[in-house]
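User: I am new to this one. Please take me through it in short questions and answers.

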Amino acid sequence: MPLVVERLARARLLTVAEDGVQLAHEALLTCWPRLHGWLEEDRERLRHHRRLTDAARVWLEHDRDPGTLYRGSRLARVEELFPDHARDSTLTAPERAFVRASLTARAVEQDTAARSARRARTLVAALSAVLAVALLAGLTAWHQARDNARQHTDTAARRIAAVADGLRTTDPRAAMLLGVAAWRVSPLPESRRALLGALAQPEQDTFTDPAPGDGPRRFLADSGRTLLSVADGRWTAWDVTAHRRTRSGRLPDGTDTVRAVSPDARLLAVSTADGLRLWDTRAARWTGGPRRPASGWYDLGFAPGGDTYLLSGIDDDWVQLRSAADGRLLFETGGTAGRANVAVSPAGDAVMTCPVGAAPTVRRAGRTVPGAWQRASGVCTDTSALVPAPPGTTRFAALTDTGVQVWDTRTGRELAGLPAPAAYATFSPDGSFLATADRGEVRVWRLSAPQAPVFRHALNNQHLYGGLAWDPVHPVLRYLEGGTVHSLDVTAPTTKAWRDRPLADTLLSPDGRTLATAERTGTHYTFRLRPTSGTGTPRTLPAPPLPVSRDRALPVVPADTLPLMTFSPDGSTFAYGVSAPGREAAPQRITVWDVRKDHGRTTLDLVPSPADPAGAVLSLALSPDARTLYAARTDRVGEVVDEAWTVPTGRRAPLPRGLTGIHLAVRPDGGLLLSDTSTVPLPSGRSLRRDLVQGEQLGALAFDAEGSLLAAGDMTGRVALWDSDLRRRSGVLRNVFPAPLGDTPEAVAALALSPDGRTLAVGGDAGTLQLWDVATQQPLGDPVPTAGEAIESLSFSPDSTTLYASGTHVPLQRHVIDPARVVERVCARAGAGLTREQWRTYVPDAGYRRTCD
């Protein structure tokens, strides 16, 4: 060190004195970095030392006040510059005490802060726990309140649905709107049943005479559009469609009672003390010529035209036809047991009579008209009745205890013989339908196909007064029960889409996109595919050859041939052909058609077994990949045997023995084949017997789109639901078809499950179509209105909003089941929504909601 100092002094950079060394030139600072750093570091330490000295002095002057101690960054800097402050010789004792007190105060403050933080965390944890408990309790209460509110709402919806079901016959319009209200309140299965029931219910309106009790005399007039009520010496005419009064007036003095009303409600047959007279309500005067003695006459009825009337006597077994204008005698007959066995044509040019114990007679211009009715001996009894047809037609009907017979006076032919007796009957405006009623139900018969009624409506112990009336403008049938006029909608049963010449067969694809039809003309079959959407052009497929009998003595009769049709489970492939049951015939060719690509894939000849060449194919089924065709064939003795064919090669494929069913169904995944009561796991497996519907013969089989559910219907109208493997039966749906008119119940002819798995459609061979809720296994309202013919096939649209039904007379019927669209149709049918007053009456425990927009 002395050597360094000496050299720096010689260079005149340092000045050496006795008491120390001083810098002589600043170059030493700039050129010697380490020296410069030492000096800077020492200068920073000196500066903080001076501040520390001042702080220690102030601390002592304030009697060691803790508020004057160092904290934060200043204390941290001092601790950094004087790391060993307790033994640092450069620090005075007060300075060391100050630093020590600052560090101690910091430690105390940190400990206090830590304790405060711990207390805060504990408090926060406690408060969080309390808040969590409170939130949990609140959430539970909210869920309970929501569940209670939902249960309250669901209960209200169920009650509304039950009220709607109870009002179907007494207040059908309110019932329809309550079905909508139930759905809007809560979309439950019960609400869905009430909503669909509102669209299906045949009762569309009722009108009740405001005059109370059973004292007033009431008559239906003007084809059922007018109700005439007579009470307390006054008569009142009501428009039953508009529910308003149209006319009223007083009866003449001395009137006892009103016995009959003319068809236009203008003339009243009035009993007076002097006899029976006609009162003209429009002119307010007597008409019809001189009065008839009351003691000599007991019954009067107006002819359909209203310008004549029939009188029958009590003691004298004869009937008179007189002019309503002047009372002039136009015709007289005897032996008919009352005027019910006498009828007048609407034009008044023909009179039909039914003498007891004889056949009906028809007279026109004083001459007897010949016809088939003359051969109906024994039809006329003291309980029979004749019914004339409406204006513009020439038909009449005879009602007997055993049935109804209908003839045409123009052609002289018998048109129909209905197998059910009737107390009342009326023809439709065009004469093509006949509505009948007995104590149990109202029926509508299509006279061109009279084997079974196309419409049935149970009266539920209602008693008809005055028979039935058919609206001449709308397809509505009315009847009077007590003081209420009931209106039945018969639009679907009287559809204009009916084909008098039926198709040979129809089939809907499982996906609901395609309708296949088979039509026979002579010896030729025409097969067509058409989209169910109504758009697009029907596709006519290549005609298959008609089988030819090998035995010339037993030729194939075209009328006895059978069209064969089937779709693959996804609807993409169609197979078709023609069979000749009961004949040893060939060829038995089946064409396989690609529906989506619109071209033929191949044609197979299902050659019978050499051991049994007489077999005729009765039904077909396709595998999901359309590579296997299954067929049910009869053998020589009439037994059914099932077989399989490979489509690409056209060769017979192996199939386990024991499959002997006509109704074939393949699960959509291709893993199971059903043949009536036998099942086979595919591609290979052992045939197993399975009683699907309580031992009865099957009528139809159907899988849902995923193959997870099977529906099987039998010949008694019952349907069983099974899982996909047929290991568990989930239930048996009861028969809700109407009671049969004969000894044979209506059988299940077609089944379909909606793609969403919620709805089952069941079609009967007498035309009944019923919807079921799969989850609850309950029927969805009344049967869906149909054309009344056998349901050949059913299918749902891919979105499950539309049900398609097909028959041979009406190939395609569309039924909306989407709730939103059903609401629109029900509201359009009802005309308006529920008023607030009606809502308070029927739905008192729920806030008012608009039922119809």
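Analyst: One definition comes before the rest. Strands carry the letter E, are DSSP runs of at least two residues, and are numbered from the N terminus. The model is predicted.

User: In which loop is the place of Ser-800?

Analyst: Ser-800 has a phi near 65 degrees, a positive value in a residue other than glycine. Its relative accessibility is 9%, so Ser-800 counts as buried. Its place is in the loop between strand E57 (793-796) and strand E58 (802-806).

User: Is Ser-223 buried, partly exposed or exposed?

Analyst: Ser-223 is found in the loop between E4 and E5. It is not a glycine, yet its phi is positive, about 55 degrees. Buried means under 20% relative accessible area and exposed means over 50%. Ser-223 has 32%, so it is partly exposed.

User: Which residue of E5 is the bridge partner of Ala-221?

Analyst: E4 and strand E5 (residues 226-231) run antiparallel, joined by five bridges. Within that pairing, the E5 partner of Ala-221 is Thr-226.

User: Which residue in the hairpin of E14 and E15 takes a positive phi?

Analyst: Strand E14 (residues 318-323) pairs with strand E15 (residues 329-334) over five bridges, in the antiparallel sense. Gln-320 stands opposite Glu-332 of E15. Five residues lie between the strands, and the one with a positive phi, near 75 degrees, is Gly-327.

User: Why is the pair of Trp-373 and Phe-396 called edge-to-face?

Analyst: A search of the whole structure finds twelve aromatic pairs. The ring centres of Trp-373 and Phe-396 are 5.7 Å apart, and the pair is edge-to-face because the planes stand at 65 degrees.

User: How many residues apart in sequence are the parts that this pair ties together?

Analyst: Both Trp-373 and Phe-396 are buried. Trp-373 lies in the loop between strand E19 (367-368) and strand E20 (385-388), while Phe-396 lies in strand E21 (residues 395-399), so the pair ties together parts whose separation in sequence is 23 residues.

User: Which ring does the charged end of Arg-277 sit over?

Analyst: A charge counts as over a ring if it is within 6 Å of the ring centre and within 35 degrees of the ring normal. The charged end of Arg-277 is 4.2 Å from the centre of the ring in question, that of Trp-286.

User: Is strand E39 largely enclosed or open to the outside?

Analyst: Strand E39 covers residues 589-594. Five of its six residues are buried, so the rest of the structure leaves E39 largely enclosed.

User: Which residue of E40 is the bridge partner of Asp-594?

Analyst: E39 is joined to strand E37 (residues 573-579) by five bridges, and the two run antiparallel. There, Asp-594 is the partner of Thr-573. Six bridges join E39 to strand E40 (residues 599-605), also antiparallel. In E40, the partner of Asp-594 is His-599.

User: Which residue in the turn of the E39 and E40 hairpin has a positive phi?

Analyst: Four residues lie between E39 and E40. The turn residue with a positive phi, about 60 degrees, is Asp-598.

User: Which residue of E47 is the bridge partner of Leu-673?

Analyst: An open, antiparallel sheet of four strands has the order E45-E46-E47-E48. Strand E46 (residues 672-675) and strand E47 (residues 678-681) are joined by four bridges. The E47 partner of Leu-673 is Val-680.

User: Which backbone nitrogen lies 3.4 Å from a polar atom of the side chain of Gln-813?

Analyst: Gln-813 lies in strand E59 (residues 813-816). Its relative accessibility is 12%, so it counts as buried. Beyond its neighbours within four places in sequence, its contacts include Pro-785, Leu-803 and Tyr-804. The backbone nitrogen at 3.4 Å belongs to Ala-787.

Key:
Residues are numbered from 1 along each chain as its sequence is written. This is a predicted model: local features need pLDDT of at least 70, side-chain atom pairs count only at pLDDT 80 or more; totals for chains, interfaces and linings use all residues. Side-chain values use heavy atoms; hydrogens and water are left out. Buried means under 20% relative accessible area, exposed over 50%, partly exposed in between (1.4 Å probe, protein chains only). Two strands pair if DSSP finds at least two bridges between them. Rings of Phe, Tyr and Trp (its six-membered ring) pair if their centres lie within 6.5 Å; planes under 30 degrees apart count as stacked, over 60 as edge-to-face and the rest as tilted. A polar contact is a pair of N or O atoms within 3.5 Å; within protein, one must be able to donate a hydrogen and the other to accept it, and residues adjacent in sequence count only if both atoms are side-chain atoms. Contact means heavy atoms within 4.5 Å.
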